[in-house]
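Subject: Handing over a structure

Hello,

Here is the structure I promised to pass on to you. Please open it alongside this message, and I will walk you through what turned up.

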Amino acid sequence: MLNPQLLSGQLQEVAGRLACRGFKLDVACIESLEKSRESLQVRTEQLQAECNARSESIDQAMARGEDIAPLMADVERMTSELDSGKNELDGIRAELDSIALTVPNLPDTSVPFRCNEDGSKEVRRWGTPRVFDFEIKDFVALGEFSGGLDIEAATRLSGAQFSLFRGPVARLHRALVQFMINLHTSEHGYEEVCSPYLVKASALQGSGHLPRLEEDLFKIARDGEADLYLIPNAEVSLINIMAGKTVDAKQLPIKFVANTPCFRNVAGTSGRDSRSVNRQHQFEKVAMVQLVEPTKSLEALEDMTACAERVLQALELPYRVSVRCTGDMGFSAIKTFDLEVWVPSQDNYREISSCSSCGDFQARRVQACWRNPETGKVELVHTLTGSGLAVGRTLVAVLENYQEIDGSIRVPMVLKQYMGGVDIIR
């Protein structure tokens, strides 16, 4: 969440910066609550001081043998008023905290300004899309032709927006995961994590998913115990590993990577995308998280994006990188790079990864800190999150870009060692 001092001391400036994200901050409500809070704060402090003074007067009066009944009545009255004021003050603070949890992060000044999602700016491209001399098949046709994609079985099992892979396509999916994890751990310095897929609400609040995405999550109610949620991505678990902890500067950066299923109660799709793996209730993603010193946050974002790019380069898949505009950024992000891979059947680039710097936004929620050696003070770290990559979307790109005229699929060179030497899927 944002620094509370920004919402109390720079409210109009914050509202203006949030407006470029398409978010309208209820300034009047916050100002009214802050005014009431300040008034109550002053009054409760005065009452506390008066209670303390009366208590001293009672001790002195008792020592002199005087009647203390009037003084006791005053203390009782003030104590009751003080308790009432504190309860009211707690209520106002809780209301302000509730509002703060719904306020998105402030965009970095380097982010392109646009109030809608149409202003993202392309940064670079890599690779040249393949020119086919035969009719291109989409991944659904390729998967069904090989028998490796069985949407009918998935629908019978679970309903719409689920996929089922079989045989060599399932193995190719697994090979992609193994390749990505090995690359990030052996060459990019990430620590592999195997984390829970079910988390408490507090973990989702810490990562910024609650309260705003309550309806998009799958919740499991439990009698007598806290509800649990299926994770929308591994970021939730990875961010919360460092919740409530303070690390030394020499321990930074901390880099985590994990492959997990992701569960999202997304709205239904229609047309071609109804048979797609791009909008699913369950899919897999290799997630990357970094915790860094605040001054190195944007530098680390470039590094994380490069790690995701190296996956696509090794797979020899053409892609482009764009920086999201202010109106298209995620809730917790201050700056985001999108990677879009070339999808031949659509003659276009489609998103396959997003890498974001979140500043101290998530760290403030989970209280992840570091000790600054220059000042000796405990400060919030900066967090970064990214996909390295979305596995299902990578599978789509491989199937389509490596297809042959007879519907077979060539296996990318870097994946052959994970495919038991298989070099073509027929």
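One definition to begin with: a residue is called buried when its relative accessible area is under 20%, exposed when it is over 50%, and partly exposed in between, using a 1.4 Å probe and protein chains only. Please bear in mind that this is a predicted model, where local features need pLDDT of at least 70 and side-chain atom pairs count only at pLDDT 80 or more, while totals for chains, interfaces and linings use all residues. Residues are numbered from 1 along each chain as its sequence is written, and side-chain values use heavy atoms, with hydrogens and water left out.

Let me start with the charged pairs. Side chains of opposite charge can pair when their charged atoms come close. Searching the whole structure gives 18 salt bridges (a side-chain nitrogen of Lys or Arg within 4 Å of a carboxyl oxygen of Asp or Glu). One of them joins E122 to R320, with 3.8 Å from N to O. Helices (H or I, at least four residues) and strands (E, at least two) are DSSP runs here, numbered from the N terminus. E122 has 36% relative accessibility, so it counts as partly exposed, whereas R320, at 18%, counts as buried.

Another salt bridge is formed by R324 and D338, at 2.8 Å from N to O. Here too distant parts of the chain are linked: R324 belongs to the loop between β9 and β10 (335-343), and D338 to strand β10, 14 residues apart. R324 is buried because its relative accessibility is 14%, and D338 is buried because its value is 9%. There is also a network: E122, R125, R320 and E340 are joined into one by salt bridges that share partners.

A further salt bridge is the one between K219 and D227, whose closest N and O atoms are 3.9 Å apart. K219 is partly exposed, with a relative accessible area of 43%, and D227 is partly exposed at 29%.

Now for the rings. The structure contains four aromatic pairs. Rings of Phe, Tyr and Trp (its six-membered ring) pair if their centres lie within 6.5 Å; planes under 30 degrees apart count as stacked, over 60 as edge-to-face and the rest as tilted. F132 and F134 make an edge-to-face pair because their planes stand at 80°, with ring centres 5.4 Å apart. Both F132 and F134 are buried. W342 and Y349 are also paired edge-to-face, with 5.0 Å from centre to centre and 70° between the planes. W342 is buried at 11% relative accessibility, and Y349 is buried with a relative accessible area of 6%.

What about the interior? The largest nonpolar core has 52 residues, and among those with the most contacts inside it are L172, L176, F179 and M288. Such a core is a set of buried Ala, Val, Leu, Ile, Met, Phe, Trp, Tyr and Cys residues joined through side-chain atoms within 4.5 Å. Helix α7 (residues 167-186) gives the most to this core, contributing nine residues. Which residues does F179 contact, leaving aside its neighbours within four places in sequence? They are V311, A314, L315, V414, L415 and Y418, where contact means heavy atoms within 4.5 Å.

Two serines are worth a look as well. S195 is placed in the loop between β2 (191-192) and β3 (198-200). S195 is buried, with a relative accessible area of 9%, and it touches S237 and T260 once its neighbours within four places in sequence are left aside.

The other serine, S353, is part of strand β11 (residues 348-357). At 1% relative accessibility, S353 counts as buried. A polar atom of the S353 side chain lies 2.6 Å from the backbone oxygen of S387. Beyond its neighbours within four places in sequence, S353 is in contact with residues including D338, the residue that forms a salt bridge with R324.

Finally, the cysteines: the structure holds zero disulfides (pairs of cysteine sulfur atoms within 2.5 Å). C29 is partly exposed at 27% relative accessibility, while C325 is buried at 0%.

Terms used: Polar contact = N/O pair within 3.5 Å; in protein donor to acceptor, adjacent residues only side chain to side chain.
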